[in-house]
Amino acid sequence: MQQRPAAATRQSTIERKDLHRLFEVLRARGYTVMGPVARDGAIVWDELSTPDELPAGWTDEQEAGRYRLVRSDGPALFDWTVGPASPKASLHPAAVTLLNARREGPALRLLECVPQPTRLAFFGLRACELAAIAVQDRVLLGGTPTDPVYRARREGALLIAVQCGRAGRTCFCASMGTGPEVRSGHDLVLTELLEDGRHLFVAEAASERGGEILAELPATDTTAAESGAVQAAVARATAGMGRTLETEGLPALLARNPEHPHWDVTAARCLACGNCTSVCPTCFCVTTEDFTDLAAGLSRRVRRWDSCFSVDFTYIHGGNVRSSSRSRYRQWLTHKLGSWHEQFGSSGCVGCGRCITWCPAGIDITEEARALRQDQRGKEGSRGNA
Amino acid sequence: MSERAAAAAPTPNVTRTDPMQPAPWRVVRTEPETHDAFKLTLAPVEAGPPFTFEAGQFNMLFAPGVGEAALSMSGCSGTVDRVVHTIRAAGRVTKTLRTLKRGDVLGLRGPFGKPWPVGLAEGRDVLLVAGGIGLAPLRPALCHMLEHRERFGRVNLLYGARSPQDILFAKEIETWRGRFDVSVEVTVDRAGADWHGRVGVVTTLVPRAQFDPANTVAFICGPEIMMHFTQRELERHGVPDESVWVSMERNMKCGVGFCGHCQFGPLFVCKDGPVFRYDRVAPLLGIREV
Amino acid sequence: METLEPIVSELPLFKGLKPEHIQIITGCAANARFEAGEFMGRVGGPADRFWIIRQGRVALEIHAPGRGQLTVQTIGENDAVGWSWLVPPYQLRFDIHAVTSTRVLMFDGKCLRGKFANDPELGYELMQRFSQLILRRLEAMSIQLLDLYGDHDGEHE
């Protein structure tokens, strides 16, 4: 969250074998370290105690509707692109108790669940994930009021990024201008290098906190060759993007095409399962649920993730505003790529490709946007009923 | 009525630091309004900053264990020590709220949303067009206008109800009718032989109202189709879209723009509305299932 | 007796018609008055006239066995009642019932129909104006049919 000082910061090089020092420094500063692990056939986020838990020797294969974690023989810890999970689950939890209520005779006690501040250090954030956190910051902290649950977790969070050295088949962060180079939002950025039998991390601080942490690590000055290798890694990832998305004029194009025939084509494929919204690192919609224990006179109010693909998401008694899956898919896509700009000043899409990989029908947001550019009927505006 | 504690013109506020945490409010009075609508009068249990709202704003009322509903306030606006809601028992939450008795405590968050722009109506003729329970959110606007009657031109209330049994604020409507400075027209969609009033949709009342279309402000509240047809009728009478305001209804879980449910194109009905200038929502109203 | 011509020419339904057409229409017009509760016409009866309400209120009704009298629509000042006189079989579709004491201008539709043969332009003009009236009534009734304020609506819940 802090700005990089104007003067260029220096890069330092850390040996793989010294990475555990970073974990120790983080813990000494009261952080719980969150990072990627290979589990149940996917890269997921979890609490880490040592760098040995990182997914060494794993890589992945991704395509529309397909994800495979596969062994690579190398020692690389970050030779994969993003999995289904994102730090969203830690900052904007899938379920959180908002309050407990207790009946005491005619009276009612409302017991607030005050969000506890947490100190989470996220280790291994990709550029797209940093961008997603920035998007959620704008949604949940950017206006008045702000979301206390997110704020309590976000304010204490330390963001350590690891730049991608390769891109996946469903990646398109380069199109969205969010990556693969890590540019903002982080405290510290690392790039993994495997050169001449050496296993190194080139580190650079982007905040005061990041600088202090880096100062405590055993490091050497980064050589010109190592710096060059960092640039080459980012260039390799940029060149390797599996997908592209043309963003020029997209919000206006989507706004004037609510009746584009392609919506029907997609609606016929979409299962309205909500996978895309649950893996999307920016989707923020929630609902509330109430539970009661009649005997004890207790009730609990829980906030949990919701999806605009749920049938009753738009329920107003008498019916659902968006009852067809066509309208629900249209809402999701036009919000993500279109109306998000008007609401929050940026796209809601960071180009991570999760919605493409994890869609059971293989619906590809980049292909959808392309198709909507073609054959634009209703180009002259959308006003008026048919 | 003791709704009003002091005359003031403050801005909307969210008094608690956490917008999702309801404050306990006690039912000080509950009365049936019609066969399915009722009036709840609430007072805060805890001492706190004064509660201030503007006409057209809403609260989230929380029935523990059941859920929350976004409900417009029907009492006169301002800084109040009592909050009044006129509610139609239609869903799980509102049906539960109807069973509450004097002394019962519920949760309340609010006020939320953009109000009717009553200031813009000053010096102009006013059309308040209500359909069904949509009269409840318009009542504070009328209340404000009657209280500051000299600031407004001709004030017309056009109200369409389902049947004579569904007419809200029936006694008050009679009082308003008795005043010379407000014109009240009521119509119902269906009636039997015992009804001597008007039968027909609320749009048929527009030609009955006295207003200068070029210098009129219209506030419409009711089901979306009713608002759409009313706007068309106003257009036919020369009232431009920029003078027409509507109050939209969408599913709301949070009231502050975090839950995403109430999105209407780029708009969050809860925080950008529920009151919108008609030309802002007109393009979206034409799209199905938006 | 004063002529009704200035009054007829100012009625919204006839505004803008040629003077000779106003003259013909006035020739078929007369003042009338109905007491509260009085029937101006009965469903199935001959549709030989129409009325424009000058003061009072008139209801279009249907009697449904078991449900009694149901009001379909009420009509007030300056509005026209009755369009069945324009089209065969010239039969009333509703009971027409004065809700309050009502003053009307009554028009002899049979007389006007007779004039159309020689003056198709007048026929066309009146057909145009009544069509608009019918269209608006039809629209209003279809909204009524939607039962907007029934179990389908609610405020922000």
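The following questions and answers walk through a predicted model, chain by chain.

Visitor: Which strands stand at the edges of the open sheet in chain B?
Guide: The sheet of chain B is built from 7 strands with mixed pairing, in the order β13-β12-β11-β10-β14-β15-β18. A strand at the edge has a single partner strand, so one side of it is left without a neighbour in the sheet, and this holds for β13 (198–199) and β18 (275–277) of chain B.

Visitor: What is the bridge partner of Leu158(B) in β12(B)?
Guide: Strand β11 (residues 155–161) and strand β12 (residues 183–188) of chain B run parallel and are joined by 6 bridges. Within β12(B), the bridge partner of Leu158(B) is Glu185(B).

Visitor: At about what angle does helix α3 of chain B run to β12(B)?
Guide: Helix α3 (residues 170–177) of chain B packs on the sheet, where it touches β11 and β12 of chain B. Helix α2 (residues 135–147) of chain B, for its part, lies across β10 (125–131), β11 and β14 (216–221), running at about 155° to β10(B). For α3 of chain B, the angle with the direction of β12(B) is about 140°.

Visitor: How many nonpolar residues has the contact of α2(C) with α4(C)?
Guide: The axes of helix α2 (residues 19–27) and helix α4 (residues 120–145) of chain C come within 11 Å and cross at roughly 80°, and the two helices are therefore roughly perpendicular to each other. The contact is made by His21(C), Ile24(C) and Ile25(C) of α2(C) together with Glu121(C), Leu122(C) and Leu126(C) of α4(C). By class, this contact has 1 charged residue, 1 polar residue and, as nonpolar residues, 4.

Visitor: Is Tyr150(A) buried or exposed?
Guide: Tyr150(A) is found in helix α4 (residues 148–154) of chain A. Not counting residues up to four places away in sequence, Tyr150(A) touches several residues, including Leu91(A), His92(A) and Ile133(A). Because its relative accessibility is 1%, where the cut-off is under 20%, Tyr150(A) counts as buried.

Methods
Residues are numbered from 1 along each chain as its sequence is written. Chains are lettered from A and ligands numbered from 1 in the order in which they are written. This is a predicted model: local features need pLDDT of at least 70, side-chain atom pairs count only at pLDDT 80 or more; totals for chains, interfaces and linings use all residues. Side-chain values use heavy atoms; hydrogens and water are left out. Two strands pair if DSSP finds at least two bridges between them. Helices (H or I, at least four residues) and strands (E, at least two) are DSSP runs, numbered from the N terminus. Contact means heavy atoms within 4.5 Å. Axes are lines fitted to C-alpha atoms, for helices over the stretch in contact, and angles run from 0 to 180 degrees between N-to-C directions. Angles under 35 degrees count as roughly parallel, over 145 as roughly antiparallel, 65 to 115 as roughly perpendicular and the rest as oblique. Ala, Val, Leu, Ile, Met, Phe, Trp, Tyr, Cys and Pro count as nonpolar, Asp, Glu, Lys and Arg as charged, and the others, Gly among them, as polar. Buried means under 20% relative accessible area, exposed over 50%, partly exposed in between (1.4 Å probe, protein chains only).
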